[in-house]
Amino acid sequence: MSAQDSPGAAASSAGAAQDAGSARAEDGQSAQLVRLLLIASVALITLAAFEALAVATVMPVVVEELGGLHLYTVAAGAPLAAQLVATAVSGAWSDARGPRGSLLLGILLFCAGLLVAGLAPTMAVLAVGRAVQGFGAGLLMVPLYVLVGSMVPAARQPRFFAAFAAAWVVPGLVGPAIAGTVAEAASWRWVFLAVPVLTLAASTVLLPLLHHVRSVPRGPADADGRRRTRTLLLAATGAGLAAAALQVAGSDGGTTGVVLAVAGVAGLAVTVRQLLPAGTLRLRAGVPSAVACRGLLNAAFITAETFLPLLLVRAHDWSARDAGLVLTVSSITWAAGSAVQGRVRTPLRRALLLWLGPLLLAVGTFVSAAAALPGAAPWWVVAGWTVAGAGMGLIFPALSVLVLQATPRAEHGTVSSALQISDGLGAALGLALAGAVFTALVGTGGREAYLAGLVLAGGLGLLALWAGARATPPELE
């Protein structure tokens, strides 16, 4: 009798086959979990992206019904300030306790804030709802990245992050048109109220996956690490509150506004230096200027994008749907610009992107501002914002590449966080400054308030051009 025919050999062979079958079943289950994670995560990011673009589209209709035009930029900027705080909180929470708690609370607050905004009787209540929604968005986004790191094999992670980026494309193409149509056919409130239902539906797929997240053993507590985390949390919270104070100050020209403005500036003076690389505020050459450039770019783009639909609806009598198409055009050219920069290989040509991107943004913003001049056609906005979107596509990812290549691998997490903080802080402060100018001029009854806000945004684009030039590697200057 051969060895294969012996009872022991047969048992061993059967055991090996059973182990192989179990391994295949386990791999199959793991692959299924990864697919569900991809579907649910992309769905949540798509909904967050849709909400951001949809709200920008319908806000002129909202302010027409609720009044409170002086709070327009506050309602637009409140989620940005809140998300700045929540992102820092979520990162520390996820590291210390895992992603489950932050994700659950984030989903609940995101939905609750949208419900408050959708049912708001006044613009002030809507602004509060948007702040709650923004805080929830900050809490739920970070855990998605943590889940990818915990559940997805390293070889598949790049595909996940590519899908996360692509999740912003479809909302950019169809979100403004859908939101405008809903606002005209039914009510702007449904733009807010429909998203929580879809978010909860996506969450029913995502939340059960949390049971499969492997816990990571943690070593002894690191006193220096805890101190750094506390410092980051306090600084991010202080910066977010300072930005919110400046936004509210811009809507109130009285004593309260002055007090809030002073408190906001003081808060930023204390906190910003702890959140951004040394030399960022002084535009020190290299990485600090690249981080500053990202903040200035976001300040210029978000500020202008907030005012353009309002200008088209209130000054040129466009419908909300037609005004929203301007945001779609910029989304398309942003994607095209990103694709173009991805094909630029040589260091010298990539350095040119640091000039060209901000220049196109500034020029496009000033061209768009022409639509606020007396007797000017609204199509200046379409032409200008097409150019501005292309500029953002060329420069935004190029700065990320530059910063990561110029930073040691061990510091990639820190510098990536600095880029995101600069993005959020720049947008929040840009809206606060533009809001103050807009509120001061909107009572004149003309288009001066829109023109001033857009010219200010163009000026921020020129500052981004200066910062981009300072970010150029010295050997390529």
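The secondary structure of the protein comprises 15 helices and zero strands, where helices (H or I, at least four residues) and strands (E, at least two) are DSSP runs numbered from the N terminus. The model is predicted: local features need pLDDT of at least 70, side-chain atom pairs count only at pLDDT 80 or more, and totals for chains, interfaces and linings use all residues. Residues are numbered from 1 along each chain as its sequence is written, and side-chain values use heavy atoms, with hydrogens and water left out.

Of the 477 residues of the protein, 48% count as buried; buried denotes under 20% relative accessible area, exposed over 50%, and partly exposed in between (1.4 Å probe, protein chains only). Contact is defined as heavy atoms within 4.5 Å. Among contacts between residues at least 6 apart in sequence, 82% join residues at least 24 apart.

The largest nonpolar core contains 117 residues, and V62, L126, L206 and L297 have the most contacts inside it. Helix α10 (residues 287-314) gives the most to this core, with 17 residues. A nonpolar core is here a set of buried Ala, Val, Leu, Ile, Met, Phe, Trp, Tyr and Cys residues joined through side-chain atoms within 4.5 Å. With neighbours within four places in sequence left aside, L297 is in contact with P358, L361, M392, I395, F396, L399 and A464.

F396 also takes part in aromatic interactions. Ring pairs link F301, W334, W385 and F396 into a cluster, and the count for the model comes to seven aromatic pairs. Rings of Phe, Tyr and Trp (its six-membered ring) pair if their centres lie within 6.5 Å; planes under 30 degrees apart count as stacked, over 60 as edge-to-face and the rest as tilted.

A86 lies in helix α2 (residues 72-97) and counts as buried because its relative accessible area is 0%. A86 and G138 are 52 residues apart in sequence, yet their C-alpha atoms are 4.8 Å apart in space. Beyond neighbours within four places in sequence, A86 is in contact with F135, G138 and L139. T73 is also placed in helix α2 and is buried, with a relative accessible area of 5%. Not counting residues up to four places away in sequence, T73 touches F307, L431 and G435.

Helix α11 (residues 320-342) has 23 residues and reaches 34 Å from its first C-alpha to its last, close to the 33 Å expected at 1.5 Å a residue; the expected span is 1.5 Å times one less than the number of residues. Buried residues in α11 include A320, G324, L327, T333 and Q341.

L283, with phi of about 55°, lies in the loop between α9 (255-275) and α10 and is buried at 10% relative accessibility. D317, with phi of about 60°, is found in the loop between α10 and α11 and is exposed, with a relative accessible area of 67%.

The disulfide count is zero, a disulfide being a pair of cysteine sulfur atoms within 2.5 Å. C111 is buried at 6% relative accessibility, and C293 is buried at 0%.
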